[in-house]
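Hello,

Here is the structure we talked about handing over. Please open it first, then read the notes below.

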Amino acid sequence: MKSKKNFDWKTLLLGNKSYLLVAFITIVTGVLVGVGVITKRTPIITPDLLTQIAYTMIMVVSLNLVVGFLGELSLGHAGFMYIGAYVAGLTLYYTHSLIPFGLLRFLIAMLLGGLAAMLFGFIVGLPALRLRGDYLAIVTLAFGEIVRGVLKNITVGDMIKNPAVGFNIKDLTTSYSKYLFLIAFILVIVTIFCVQNIAKSKHGRAITAIKDNEIAARSMGVNITYYKLIVFAIAAFFAGVAGAIFANYTTVAPAIFDYNYSIEFLVMVVLGGMGSVFGSLISSIIIVFLNVQLRSLLTGNLAGLKNLVYALILIIMMIINASPKFVTLREKMNWSYVKSKLQSKKEKS
Amino acid sequence: MSIISTLINGLSMGAVYALIALGYTMVYGIAKMLNFAHGDVIMVGSYVLFVFTMKSIKNPFLAILLAILFCVILGVLVECIAYRPLRGAPSLAVLITAIGVSFLLQSVAQLIFTVTPKQVTMFQFNSIEFNGLTIKTESIITLVVGMIVMIALTVFVNKSKTGRAMLAVSEDRGAAQLMGINVNRTIVITFAIGSALAAVASVFMLFIAPVTDPTLGAMPGIKAFVAAVLGGIGSIPGAMIGGVILGIVEQFALKYEFLASYSDAIVFAILILVLLVKPSGILGKKRHEKV
Amino acid sequence: MSFDEKLYENCPLDAEGNQLVLKADHLCIQFGGLKAVDDLNLSIKKGELYGLIGPNGAGKTTAFNILTGVYKPTSGRFFLCGKDLTGKAPLEINRSGIARTFQNIRLFNNLTVLENVMVGLGNQIECSMLQSMLRLPRHFKTESEFRRRAMELLEVFGLAEFADYLAQNLPYGKQRKLEIARAMATNPTLLLLDEPAAGMNPNETQELMDVISFIRQHFGITILLIEHDMRLVAGICERLTVLNFGTELAKGKTADVLNDPEVIKAYIGE
């Protein structure tokens with residue numbers, strides 16, 4: 001806890017590496033796309049890649065709120081994203097002739113997608129009140145599968161004639177599609193803003209208290225019901241927002257938002273560090289970048305290689321980070337420990 | 001009449017779920033963890049069967065024995081390498097590791113055998129005609145063998161010294177340790193038994209559809225977990241009852257066209273419903289958290 | 001944190017006209033065939049320091065778990081200042097004014113000492129999730145309020161210099177003190193202390209006794225305490241109830257109870 005008695009917005013925004021990172025990316029890529037250095041045909045970095053990084057960041061940061069801060073495992077985060085993408089897609093499709101401004105359409109669709117996902121997040125949060133850990137993880141997994149199982153069977157008018165194949169509304173987004181990634185990165189900043197502000201507040205303390213010791217938290221007057229529900233709902237809202245961006249950019253199909261996709265976000269949370277927003281951002285960049293760059297390489301049977309790496313990340317990170325056998329190792333790797341050692345050395349000399 | 005044949009199909013599918021659910025429930029009861037990779041052991045077993053019935057020795061009985069042996073070794077290795085270091089760690093960490101192991105097994109299988117489904121035909125069965133009713137022989141075999149295995153397991157757990165040690169560890173690990181029970185050894189044995197049951201389940205899975213691919217075990221694994229929860233996790237008879245109920249419900253859902261494409265969703269809805277209404281399941285015990 | 005008389009106006013009175021902060025009537029709880037607590041009756045006067053003692057497994061902590069809503073009693077009722085709290089959830093019981101510490105320390109290890117206390121203050125300082133999320137002025141006002149009040153409490157308990165330590169890095173004796181400080185932060189009428197001196201050396205125990213005496217005077221609070229350390233019990237408790245196998249073995253003034261041959265038998269054996 002740093003003592004910041006007198007608050008100013010400058011330290012809030014500029015004293016924080018997460019904002020700096022995303023702002024830097026947004027400005028640099030915005031300028032580069034603006035002057036035409038980055039185009040669809042640029043090698044390595046394209047606007048599409050940037051969009052993917054942005055919505056992945058939103059997914060991972062919001063999942064981190066549930067996994068890292070609250071300490072519950074959600075295996076259905078892709079399901080919330082799917083709901084967001086679906087509702088946003090429907091909204092965009094049916095408001096296309098009603099609302100003339102593309103950006104306004106996008107904002108409305110995004111809000112509706114987020115709210116729809118939030119509603120489901122609330123519903124999924126309900127079992128979280130009675131179930132702990134393992135059971136809840138399965139419920140969230142089941143939720144994601146139910147969403148897919150239901151939506152893959154529903155046709156919607158002219159828009160979704162073949163639900164298994166999904167829908168694509170890219171043609172309706174031409175007025176802003178060139179700068180979609182910029183909107184997406186601004187939404188990343190909004191997400192970071194909200195998540196970090198919750199984490200560093202009365203509510204963040206209550207959430208950490210629940211994670212550390214639920215029984216003690218309850219006895220200290222922390223309203224566990226409220227916090228579990230609201231954390232699930234907020235995380236789902238942002239997943240829905242990410243889904244809305246997704247729907248603007250490519251085809252939305254039930255096959256995409258499966259359990260493996262949820263795990264992919266989990267891998268990024270674990271790689272970046274549970275409870276670390278900055279870590280989530282970095283791991284999103286690394287994994288999305290590698291995914292896209294290696295896509296042509298890792299096709300067919302080599303696609304297994306990607307999952308192999310994911311699997312090893314999960315297992316190794318968990319054993320190093322959580323095994324009681326590595327306590328001393330973790331202490332030595334901890335930066336604050338190193339700093340305190342250095343300080344005590346300085347004081348001695 | 002078709003209701004009876006659906007019922008028999010459901011019972012035999014239920015026996016398969018029950019076999020898998022037993023692995024979940026025993027590991028959950030004794031090691032207090034959800035072994036997410038349990039379903040993927042079935043997949044590994046099916047590939048062992050594929051190699052030894054279709055490629056090399058070509059003797060299905062020997063292949064089944066080898067599959068059991070291989071799965072047992074795998075289960076024990078996974079427990080010793082991945083799960084044991086996390087004993088005493090938060091359950092979230094253990095669960096994430098188990099998901100990692102599940103991904104690991106699937107991706108290794110994909111790298112070795114590719115995603116193309118592989119044909120595995122072990123035996124040729126004829127259907128039995130009875131009063132105008134067609135019953136698949138493999139359903140009957142599944143049902144009978146499944147019941148024998150489950151009875152044997154129940155007897156083993158309740159009567160043998162090792163079985164009682166397992167019960168003791170599941171009740172209170174610390175106290176069991178103080179009574180001279182080797183907890184690590186007991187947990188390893190539990191994983192070995194669970195994996196052996198999964199290997200047997202893989203044989204039956206191939207009876208139902210004689211093809212395998214790297215995700216063969218994923219869905220049945222999760223469904224079997226649903227069965228274990230339905231019956232009450234930690235309870236051996238509960239896993240059997242849960243498995244049978246789930247198998248029958250699923251087969252009936254598949255029978256009706258308008259429900260068939262929702263069959264997975266129905267299974268998961270059952271799970272959520274059970275967990276909300278009676279989280280301890282049909283036969284599970286309610287546990288008090290010690291304060 | 002005041003001597004708010006209004007709080008006590010609904011308290012039932014005992015024969016001598018004292019206000020009873022906690023009144024428990026015939027509390028029983030059964031787990032399977034085991035009666036862990038059988039017919040427990042407590043009448044604790046305002047401002048009193050009451051002891052609950054007994055051999056291991058006598059049902060003391062179970063009684064605490066009933067009084068804090070962790071377990072629901074099989075039968076019997078209990079009242080805080082006349083308000084029936086039987087079977088209520090821990091959250092509501094805490095908000096009604098009962099706070100506790102735990103036998104095996106349960107701090108929030110990933111929060112600092114200061115933040116641990118701030119969690120306890122959460123029920124008194126209102127700031128909605130949206131206000132915090134959007135960093136509205138209310139957030140900053142309440143945060144400084146949180147900090148000020150938490151520091152005040154830490155100073156009372158002599159923990160102010162450790163405010164920025166992670167709770168898990170505190171030495172054992174200080175962790176126990178922090179648990180009491182955190183419980184006090186919820187502004188209770190009745191404080192339940194579950195073996196506060198367990199594992200402490202004589203110096204630490206003495207220090208703890210001083211702190212307990214001090215918070216009684218400073219906050220005018222009523223305390224119910226479980227303890228094995230007879231020196232501490234004899235030193236600060238005014239009255240005692242002795243539990244054995246879930247039933248009341250003896251109750252009354254501390255000195256009388258400790259000299260009761262039945263009690264000595266239960267503790268030391270025949």
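**Chain C: helix and sheet**

Helix H1 (residues 60-67) of chain C lies across E1, E2 and E4 of chain C. Its direction makes an angle of about 65° with E2(C). Please keep in mind that this is a predicted model.

The strands under discussion belong to an open sheet of four strands in chain C. The order is E2-E1-E4-E5, and the pairing is antiparallel. Strand E2 (34-45) and strand E5 (83-84) of chain C are the edge strands. Each of these two pairs on one side only.

Look next at the pairing of E1 with E4. Strand E1 (residues 20-31) and strand E4 (residues 75-80) of chain C run antiparallel and are joined by five bridges. For a landmark, find C:Leu22, which stands opposite C:Leu80 in E4(C). In general, strands of a sheet pair through backbone hydrogen bonds, either parallel or antiparallel.

**Chain B: two crossing helices**

Here the pair to look at is helix H1 (residues 2-31) and helix H9 (residues 218-231) of chain B. Their axes come within 8 Å and cross at roughly 75°. H1(B) and H9(B) are therefore roughly perpendicular to each other.

Which residues make the contact? From H1(B) they are B:Tyr17, B:Ala18, B:Ile20, B:Ala21, B:Tyr24 and B:Thr25. From H9(B) they are B:Pro220, B:Gly221, B:Lys223, B:Ala224, B:Phe225, B:Ala227 and B:Ala228. By class, the contact of H1(B) with H9(B) has ten nonpolar residues, two polar and one charged.

**Chain A: the fold**

Chain A has 15 helices and zero strands. It has 349 residues, and buried residues make up 50% of them. Take the contacts in chain A between residues at least 6 apart in sequence: 79% of these join residues at least 24 apart.

**Where chain A meets chain C**

On this interface, 24 residues of chain A are in contact with 33 residues of chain C. Three helices of chain A each supply at least two residues of the side that touches chain C: helix H7 (180-199), helix H8 (202-212) and helix H9 (214-219). Which helix gives the most to that side of chain A? H8(A) does, with seven residues. By class, the side of chain A that touches chain C has eleven nonpolar, eight polar and five charged residues.

Best wishes

Methods: Residues are numbered from 1 along each chain as its sequence is written. Chains are lettered from A and ligands numbered from 1 in the order in which they are written. This is a predicted model: local features need pLDDT of at least 70, side-chain atom pairs count only at pLDDT 80 or more; totals for chains, interfaces and linings use all residues. Two strands pair if DSSP finds at least two bridges between them. Two residues are in contact if their C-beta atoms, placed from the backbone, lie within 7 Å. Axes are lines fitted to C-alpha atoms, for helices over the stretch in contact, and angles run from 0 to 180 degrees between N-to-C directions. Angles under 35 degrees count as roughly parallel, over 145 as roughly antiparallel, 65 to 115 as roughly perpendicular and the rest as oblique. Ala, Val, Leu, Ile, Met, Phe, Trp, Tyr, Cys and Pro count as nonpolar, Asp, Glu, Lys and Arg as charged, and the others, Gly among them, as polar. A residue is buried if 20 or more other C-beta atoms lie within 10 Å of its own, exposed if 12 or fewer, and partly exposed in between; C-beta atoms are placed from the backbone.
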